[in-house]
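Hi there,

Here is the structure I promised to pass on to you. Have a look at it first, and then read my notes below.

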Amino acid sequence: MNAIINTTEDLIELAKRIKSATEPIACDTETNGLFAIEDQIVGWSLAFSEDEGYYIPRKHRHVPNVPDFCHQQLFTLLTQKKTIWHNAIFDIQMIKTNFNIKMPVYADTIVMAYLACFPKL
């Protein structure tokens, strides 16, 4: 499977990989703006480990894009898994706005970083 997912074969393999995952999956969206209610997801990434990560393009100009129904199916599979997000509140709203899917959140790295760095009282 290629690191950039944009073939039918890679999409099928990625769906199988999501279904078989037993550990939390790290996810992050890339967008064309900062307004979750009106902007678009242009692609997103997920990682199963530090050595296994993938990017799924949606609205790029210079690479083949994956159709929206495939993104929707992959996000639907992820609703059944533990997912870790970076700035989850933004990513989750983007997914809801773009695909009408409510994603659960297992962890958020921004919250973790804040808690780890917060001065002890």
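A nonpolar core is a set of buried Ala, Val, Leu, Ile, Met, Phe, Trp, Tyr and Cys residues joined through side-chain atoms within 4.5 Å; buried means under 20% relative accessible area, with a 1.4 Å probe and protein chains only. This is a predicted model, where local features need pLDDT of at least 70, side-chain atom pairs count only at pLDDT 80 or more, and totals for chains, interfaces and linings use all residues. Residues are numbered from 1 along each chain as its sequence is written, and side-chain values use heavy atoms, leaving out hydrogens and water.

The largest nonpolar core has 30 residues, and L14, I18, L46, F75 and L78 touch the most other members. Helix α3 (88-99) gives this core its largest share, six residues. (Helices are DSSP runs of H or I with at least four residues, strands are runs of E with at least two, and both are numbered from the N terminus.)

Which residues does L78 contact, leaving aside its neighbours within four places in sequence? They are I18, I25, C27, W44, L46, T83 and M103, where contact means heavy atoms within 4.5 Å.

Now find strand β2 (residues 41-49), which pairs with β3 in the antiparallel sense over six bridges; strands pair if DSSP finds at least two bridges between them. A hairpin of two residues joins β2 to β3, and L46 has Y54 in β3 as its bridge partner. Strand β3 (residues 52-57) is mostly covered, with five of its six residues buried.

Enjoy exploring!

Conventions
Buried means under 20% relative accessible area, exposed over 50%, partly exposed in between (1.4 Å probe, protein chains only).
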